[in-house]
Amino acid sequence: MSELIDWRTVFAFPNPVNEYSARITAALVVLLSVVTLLTGFGWGLAVIAVGFWLRLGFGPRISPFGILSVKVLTPLLGKTRLVPGPPKRFAQGIGAAMSTAAAILLAAGLAPAAWILLGLLIVAASLEAFAGFCLGCAIFGFLQRRGLIPDGVCEACNNISLRA
């Protein structure tokens, strides 16, 4: 007999998210992005883009960087700070769009534009990794305050009493 698949669990993203895991994942993205930029290897852009798409679609469950940060590196750190998941997922979407655009630009022969986009991605991921400032989360909050993202998407983002 065929079991029904609950697609919500297949495409689930954690909520809340351990901020330290998110920061470690961002640091891994920075590392791969810098190596890609310095070497000029286009395959690095594809790997970065696939990683973002995996985290966007499935959370950290099947993303190599997500697994490494959540299952290995964050437990070694031994710290937990829970933050709302929806803004982090939104940030992964921005990273997926930017890295995919960079890969497409490189494939189209527009290397300078690809490397500029990758540089912007490095800046954003560095802010998350080293300063704890999630640019995607800030954009999410801005859009939510303007009513472009419904309040119900992240109630903890709107109600300080719901935050950890």
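Q: Is the crossing of H3 and H5 left-handed or right-handed?
A: In this predicted model, helix H3 spans residues 43-58 and helix H5 spans residues 85-107. The two pack with their axes 8 Å apart. Their crossing is left-handed.

Q: Are H3 and H5 roughly parallel or roughly antiparallel to each other?
A: The packing angle of H3 and H5 is about 150 degrees. Angles over 145 degrees count as roughly antiparallel. H3 and H5 are therefore roughly antiparallel.

Q: How many nonpolar, polar and charged residues does the contact of H3 with H5 have?
A: On the H3 side the contact includes Leu 45, Ile 48, Phe 52 and Trp 53. These residues belong to a set in H3 that meets residues of H5, among them Gln 92, Gly 93, Ala 96 and Leu 106. By class, the contact has 11 nonpolar, 6 polar and 2 charged residues.

Q: What is the pairing of the bonded cysteines, numbered in sequence order?
A: The whole structure holds 2 disulfides. One joins Cys 134 to Cys 137, and another joins Cys 154 to Cys 157. In sequence order the pairing is 1-2, 3-4.

Q: Why is the disulfide of Cys 134 and Cys 137 assigned its handedness?
A: The sulfur atoms of Cys 134 and Cys 137 lie 2.5 Å apart. The torsion about their S-S bond is about 70 degrees, so this disulfide is right-handed.

Q: Does Cys 154 count as buried or exposed?
A: Cys 154 is linked to Cys 157 with an S to S distance of 2.1 Å. Its relative accessibility is 4%, and buried means under 20%. Cys 154 therefore counts as buried.

Definitions and conventions:
Residues are numbered from 1 along each chain as its sequence is written. This is a predicted model: local features need pLDDT of at least 70, side-chain atom pairs count only at pLDDT 80 or more; totals for chains, interfaces and linings use all residues. Side-chain values use heavy atoms; hydrogens and water are left out. A disulfide is a pair of cysteine sulfur atoms within 2.5 Å. Buried means under 20% relative accessible area, exposed over 50%, partly exposed in between (1.4 Å probe, protein chains only). Axes are lines fitted to C-alpha atoms, for helices over the stretch in contact, and angles run from 0 to 180 degrees between N-to-C directions. Helices (H or I, at least four residues) and strands (E, at least two) are DSSP runs, numbered from the N terminus. Angles under 35 degrees count as roughly parallel, over 145 as roughly antiparallel, 65 to 115 as roughly perpendicular and the rest as oblique. A crossing is left-handed if the near helix is turned anticlockwise from the far one by less than a right angle, and right-handed if clockwise. Contact means heavy atoms within 4.5 Å. Ala, Val, Leu, Ile, Met, Phe, Trp, Tyr, Cys and Pro count as nonpolar, Asp, Glu, Lys and Arg as charged, and the others, Gly among them, as polar.
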